[in-house]
Amino acid sequence: MKIAFRTHDLGVKGLDKAVEKCNKCGISAVQLVAYKFLDEVKYAPDGIDWQKAEIIGGVFNMAGISIPLIGAYFNPVHSDKEKVARCKQVFKEYLTYAHELGCDIVGSETGSFNDDKWTYHPLNRTEEALQTVISTFKELALYAQEVGAYVGIEGAAGHVCWNVQTLKRAYDAIGRDNVRIIFDIYNYLDAENYRNYLEILDEGLKTFNGLIRIFHIKDCVFKDGKLKQVAPGKGMFDFKEILSRIKAYDKDAVLVLEGTTGDDIVPCIRFIENTWNEV
């Protein structure tokens, strides 16, 4: 098992400071979202190039920090089609330079008709929306195949692939063997189903047998009719049950503590490690 953090959750800017923070906290893996912690990298076409990728990948590699996932998340059903085209170009550039960055997979969620809010919209659950996601990710997967990379796809309750079965439909329709799943239990929860989180995890593990590359790990509380994310171990999730299931699925699983920041980082590493060793 490997614990990772998103680079922009480290709370620092720049490569040297990121490595320093990782060393200080005992972090050996990061989900790389370059444009969110490096001022010199923009989320725009030509924002990443071979030289930048080689420098970034080289610095993390020299520090002994692996990169299990590159984030280049975008909204494939955004109403601004020119923006979608630019985002696809950015995604393809990260696929192009993935190996220089020290990784072989670039990921995104499936988006929402609420554009930049990324929240539930009735149109998200239409066949038209799903077909748009399928065609977009098929294009990306075909390009990824050309450059020897993988595409990661992640579902969420407020997005087009709003449950496990919708994501499976998309995966099957994309039909490429270089697509992998990013699985986040919290993402699939809402006020109606949050008590069923273990059943949703079981469904995901069974449905995506052998296909899950990354697990995003969060915790949550239900307050005032809404779910609120909190650091692992501070909410309602039974992590012995969660981690025992993940461990049975993949003893070498990569767990990205997405959204865990600041003073929660080190205690959460210890909590996850200790719980993993207990189950």
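Biologist: What is the relative accessible area of Y43, and is this residue buried, partly exposed or exposed?

Modeller: The model is predicted, and the value is computed from it. Buried requires under 20% and exposed over 50%. Y43 falls in between, so it is partly exposed, with a relative accessible area of 27%.

Biologist: Which geometry describes the ring pair of Y35 and Y43: stacked, tilted or edge-to-face?

Modeller: Y35 is buried, at a relative accessible area of 17%. The ring centres of Y35 and Y43 are 4.7 Å apart, and their planes stand at 70 degrees. Planes over 60 degrees apart count in one class, and therefore the pair of Y35 and Y43 is edge-to-face.

Biologist: Which residues do ring pairs link into a cluster?

Modeller: The count of aromatic pairs comes to ten. Ring pairs join into a cluster the residues Y197, F237, F239 and F271.

Biologist: Over the ring of which residue does the charged end of R125 sit?

Modeller: Two arginines may be described here. R213 lies over the face of Y150, at 4.9 Å from the ring centre. The charged end of R125 is 3.8 Å from the centre of another ring, that of W162.

Biologist: Which residue of strand 10 is the bridge partner of A4?

Modeller: Eight strands close into a barrel with parallel pairing, in the order 1-2-3-4-5-6-7-10. Neighbouring strands of this sheet are turned by 30 degrees against each other on average, direction ignored. Strand 1 (residues 2–6) and strand 10 (residues 254–256) run parallel and are joined by three bridges. In strand 10, the partner of A4 is V256.

Notes
Residues are numbered from 1 along each chain as its sequence is written. This is a predicted model: local features need pLDDT of at least 70, side-chain atom pairs count only at pLDDT 80 or more; totals for chains, interfaces and linings use all residues. Side-chain values use heavy atoms; hydrogens and water are left out. Two strands pair if DSSP finds at least two bridges between them. Helices (H or I, at least four residues) and strands (E, at least two) are DSSP runs, numbered from the N terminus. Axes are lines fitted to C-alpha atoms, for helices over the stretch in contact, and angles run from 0 to 180 degrees between N-to-C directions. Rings of Phe, Tyr and Trp (its six-membered ring) pair if their centres lie within 6.5 Å; planes under 30 degrees apart count as stacked, over 60 as edge-to-face and the rest as tilted. Buried means under 20% relative accessible area, exposed over 50%, partly exposed in between (1.4 Å probe, protein chains only). A charge sits over a ring if NZ of Lys or CZ of Arg is within 6 Å of the ring centre and within 35 degrees of the ring normal.
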